[in-house]
Structure formats: C-alpha cells, structure tokens
Amino acid sequence: MRKIRKILACLFAFIVMILGLSFVKINNIAAAEGESVIETEILDEIKQFVEYGQSDKLRKYRVPGSKAEYNSANYLKAKMSMLSSFKPVENQSTKDGVQSFEFQSDIDGMTKTSQNIIFQKKTETASKKKVVLSAHYDSTPLSMFAKRDGETGKIVNISDGISENASSVATILCLAKALDRIDDLGFTLEIVFFGASNNSFAGAKEYMKGVSDVDAKNILAMINLERIGVGQYNYFYVNEFENSQFKYAKNVLSNFDGFKALQVKNVLHTSDSSMNGLEYSHIGIDGEHALFMERNINIINFFSGFYENLITPGIKEYENKNNVTYTGDDSYDYIIESCPGFSKNLANVYAGIKAFLTDDSFVSEMEKNNGSEEFYGIYKNEKLAVFVTILVFAAMCFVYILIFHVLQNKSKKTLNDNNLDKIVIKIAENIGDDSKEISELIDQKLKDDTDNNDENDKNDD
C-alpha cells in the first residue's frame with residue numbers, strides 16, 4: 001500500500017511539473033504574441049498618420065505653419081476624441097483641445113500659425129498631480145535637408161518623417177487607447193502633441209507660457225518621445241547625474257530588452273545653448289523636455305540610436321551605417337526593409353512608458369527631490385561660474401608649476417657633475433673641438449676617474 005502511495009505521489013508531482021512547464025510556455029507564447037500585436041498596432045497607426053499608400057496626401061510635409069501640419073492637428077484631435085476617458089483641455093489659451101499660436105518662421109521670417117493638441121485623462125482622486133506625455137507631430141522643413149535634381153532643380157527624395165516624428169506620434173496614440181481602458185491612474189495624464197517643434201520648439205514654448213510655478217510643482221514628470229524607432233538601441237535620458245529618478249527609471253526599464261541610459265561621456269557637448277539655460281547642448285536634451293527641465297520638472301526622454309563610443313557627436317543611429325533621419329530614406333518602406341529593430345524599438349518604448357504610468361511606486365519616486373535645482377544652479381549662476389573658472393585656472397597653474405619644479409629637480413639630480421662632464425666630452429668629440437681647455441678637462445676627468453677607481457679598490461681590500 002505504501003509503495004502504491006509513493007508511486008501515486010511521484011506521478012502527481014510529475015503531472016504538476018508538466019502542467020507548470022506548459023503554463024510557462026503558454027505564457028511566454030502569449031507574451032510574444034502580445035508584443036507582436038503591439039508592434040502591428042503601432043505600425044498601422046504610423047501608416048494611417050502619414051496616409052501610407054494614398055496618392056492624395058493631405059498630411060504630407062507637415063512643416064511648421066503649413067496646411068499639412070494643420071490637417072495633421074485635426075487628425076490627432078479626431079483620434080483623441082474617440083477615446084472615452086480622455087477629454088479635450090479647456091482653458092484661456094486652449095479651446096476644445098486646440099492651443100493655437102503664432103510664431104516667426106526660422107526659414108523666411110514670416111509670421112505663421114501652428115497648434116498644440118492637448119487632451120487629459122483626469123484622476124478621480126483628490127490628487128492635483130499630473131504627468132505630461134508628449135511628442136511633436138510636425139516634420140522638418142524641406143529646404144533644410146531635401147535634395148534637388150541637378151537638371152530640373154525640383155526637390156526630390158523627400159522625407160516622410162517616419163522617424164521624425166510619426167513613429168512617436170503613433171506610439172502615443174496606441175498608449176492612449178490602452179490607458180483609456182484603465183479606470184484611474186491616481187494622477188491626471190495629459191497628452192500633448194506639439195506643433196512647430198522644428199521651428200525652435202515654438203509649440204513647447206507656447207505651452208510653457210501657461211504653466212505657473214504652482215502648476216510646475218504639480219507636474220510629476222514630463223515623458224517625451226523623439227526619434228524612438230530607428231536605432232541600434234533604445235535610450236532614455238533623465239539627468240546629467242544619477243539622481244533618485246534616474247535610478248528608479250533604470251530599475252523599471254531593466255525589465256525590457258535593449259534599453260540603455262544615455263551616458264553624458266558618450267555625447268559631444270556643443271557650443272549651442274540648451275533651452276534649459278545651460279551653456280551647452282547634446283542629444284539627451286535635444287527636445288521639448290529641456291523647457292520642462294528649466295522649471296525643475298522631472299523628465300524622461302526616449303530616443304534611439306548608437307551612443308556606445310567614447311564620444312558620439314550629433315545623431316548616430318547604427319554602428320557603421322548611414323543615418324536615416326533627416327534624409328529621403330526616412331520613409332515607411334525603406335525603414336521597414338533596412339532598419340533592424342524598428343518595430344521592436346517602438347513596442348519597447350510603449351511597454352516602458354506603460355510600466356512607468358501603472359507602477360505603484362511611480363508617484364512616490366517622482367515626488368522625491370531630484371537635486372536638479374542645486375546641480376544646474378552652478379551652471380546657470382554666471383558669477384559662480386566665473387569664480388569656479390578662476391579656481392580651476394589657478395589650480396591648473398599650481399599643478400603646472402609643481403610638475404615643472406619636480407621635473408627640474410629630477411633633471412638636476414640626473415645631470416650631476418660626472419654626467420655633465422661626460423656630456424661635455426661627448427659633445428667636444430662630436431664637434432672635433434681639440435682646444436686646450438677641452439683637452440685639460442678630459443685629462444683631469446680621466447685622472448679623477450683613475451683616482452676614484454684606485455680608492456674603491458683599496459676600500460674593497
């Protein structure tokens with residue numbers, strides 16, 4: 001009887017193990033299928049946004065202030081209006097989710113009109129905290145990067161703006177649909193599609209005009225998407241130093257393949273000033289989020305590329321491969337065929353942001369003091385910057401003088417009298433100088449060496 005019970009127990013354990021392995025396998029398959037579904041959804045949103053396959057494209061060349069940009073804004077407004085829990089923002093500058101503004105064109109100096117599209121999913125709690133999720137929807141002006149036919153002079157090989165920035169727009173639209181089904185996030189989620197980004201970030205500047213100091217303190221974080229698909233790796237940027245928000249973001253994103261934190265040592269600081277008041281700029285702070293950083297608001301900026309070399313200036317997408325963004329190759333067909341990991345990168349960013357917004361620790365982590373005000377205050381305080389510069393210069397001078405004296409003393413020690421005599425004799429022999437003074441010096445040197453050797457022999461005996 002006991003043997004039968006043992007056999008039955010072993011059989012039961014074996015069945016449980018098989019079922020467990022099957023369950024894990026099924027879950028893994030489901031996860032893979034889920035990821036594939038997200039990739040497909042985002043790609044479909046991209047094609048809809050850029051009117052892929054259509055001959056008459058009303059949203060093509062979405063340059064700041066153009067009719068196509070205006071049509072794109074209306075399209076985004078219509079898409080967001082289809083969601084039940086997201087409502088158009090209404091305030092002094094924004095009507096029915098549209099914040100219109102005028103700006104001066106960087107190209108021709110003319111005054112033009114653009115618009116930001118702003119929708120909110122409000123929280124049912126008493127919390128006044130808010131998260132801004134954003135991407136710009138306009139594309140680069142043709143005259144900046146377009147190629148012209150040598151004979152006709154007509155613009156050819158035009159970019160469709162898939163990487164910059166239709167892929168980010170599509171990813172946010174998919175996120176909005178997913179988050180629309182969640183009852184309450186515990187904070188207000190505001191989705192902003194910025195217009196006229198390629199005109200000195202005019203849309204973000206207009207938006208920030210309406211953000212008071214009280215409003216800024218209530219913004220937990222600004223999450224920005226910029227060129228997130230084309231690139232060897234997914235990157236995120238939080239700050240110039242490892243504060244608590246950086247460590248939290250790194251911990252959350254470690255659950256997803258391919259995410260890397262931008263290392264400031266791997267990007268070249270340029271002489272151009274950043275919008276957050278710094279006297280330098282780099283790929284990590286190239287975007288609307290820099291304006292939020294200036295107001296001491298947490299930011300998480302997502303982008304893709306290859307920044308694994310010691311110094312990588314500007315945009316770099318793949319190792320040993322030409323860039324796609326800002327070229328005529330920035331089209332749907334070319335990217336799908338020639339840019340490995342494109343759809344996976346988009347799905348990765350989608351999953352990473354969703355993980356942040358639904359994580360129980362997100363609010364408490366974002367409410368911690370990020371230390372940015374103290375850190376960047378050094379760079380923004382001109383008097384302090386001058387003082388620090390003087391101290392650094394004085395320290396460098398001190399080190400230079402110290403090194404000079406050390407080397408000088410070492411040289412004196414090395415060039416003792418005997419060595420100096422040998423050098424003089426060698427030089428004299430090389431130049432053929434047989435003067436009486438040199439001959440006497442050589443004779444004396446030989447005599448001294450002989451006496452020293454005799455003295456040393458006596459000591460040895």
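## Terms and model

On a 1 Å grid over the protein atoms alone, a pocket is an open set of points with protein on both sides within 12 Å along at least five of seven lines, a cavity is a set of points where a 1.4 Å probe fits but cannot get out, and lining residues have an atom within 4 Å of a point. Grid points are joined across faces, edges and corners, and a volume is the space filled by probe spheres set on the points.

This is a predicted model, in which local features need pLDDT of at least 70 and side-chain atom pairs count only at pLDDT 80 or more, while totals for chains, interfaces and linings use all residues. Residues are numbered from 1 along each chain as its sequence is written, and side-chain values use heavy atoms, with hydrogens and water left out.

## The largest pocket

Let's start with the open space. The largest pocket holds about 590 Å³. Its lining counts 26 residues, and Val 89, Asn 91, Gln 120, Lys 130 and Glu 190 are the ones nearest the centre. By class, this lining splits into 6 nonpolar, 10 polar and 10 charged residues (Ala, Val, Leu, Ile, Met, Phe, Trp, Tyr, Cys and Pro count as nonpolar, Asp, Glu, Lys and Arg as charged, and the others, Gly among them, as polar).

At least two lining residues come from each of β1 (87–88), β3 (111–121), β7 (188–194), α5 (202–209) and α6 (213–218), and α5 gives the most, with 3 residues. These labels follow DSSP runs numbered from the N terminus, with helices (H or I) of at least four residues and strands (E) of at least two. The protein has 15 helices and 11 strands.

## Enclosed space

Searching the whole structure turns up 3 cavities of 30 Å³ or more. The second largest cavity contains about 90 Å³ of space. Its lining includes Val 50, Tyr 52, Lys 57, Arg 59 and Tyr 332, and by class it has 4 nonpolar, 2 polar and 5 charged residues.

## Packing and cores

Of the protein's 461 residues, 42% are buried (under 20% relative accessible area, with exposed over 50% and partly exposed in between, for a 1.4 Å probe and protein chains only). The largest nonpolar core has 67 residues, and Phe 193 and Phe 302 touch the most other members. Helix α4 (residues 162–180) is the top contributor to this core, with 11 residues. Such a core is a set of buried Ala, Val, Leu, Ile, Met, Phe, Trp, Tyr and Cys residues joined through side-chain atoms within 4.5 Å. A second, separate core of 31 residues has Tyr 207, Val 211, Met 222 and Ile 283 among its members.

Contact here means heavy atoms within 4.5 Å. Among contacts between residues at least 6 apart in sequence, 75% join residues at least 24 apart.

## Backbone details worth a look

Most residues other than glycine have a negative phi, and most peptide bonds are trans. Glu 51, not a glycine, has a positive phi of about 55°. Glu 51 sits in the loop between α1 (2–49) and α2 (67–81) and is buried, at 5% relative accessibility. Setting aside neighbours within four places in sequence, Glu 51 contacts Asp 56, Lys 57, Leu 58, Arg 59 and Lys 60.

Asn 296 also has a positive phi, near 60°. Asn 296 belongs to the loop between α8 (289–294) and β11 (299–305) and is partly exposed, with a relative accessible area of 30%. Finally, a cis peptide bond links Glu 164 and Asn 165, with omega about 15°; Asn 165 is in helix α4.
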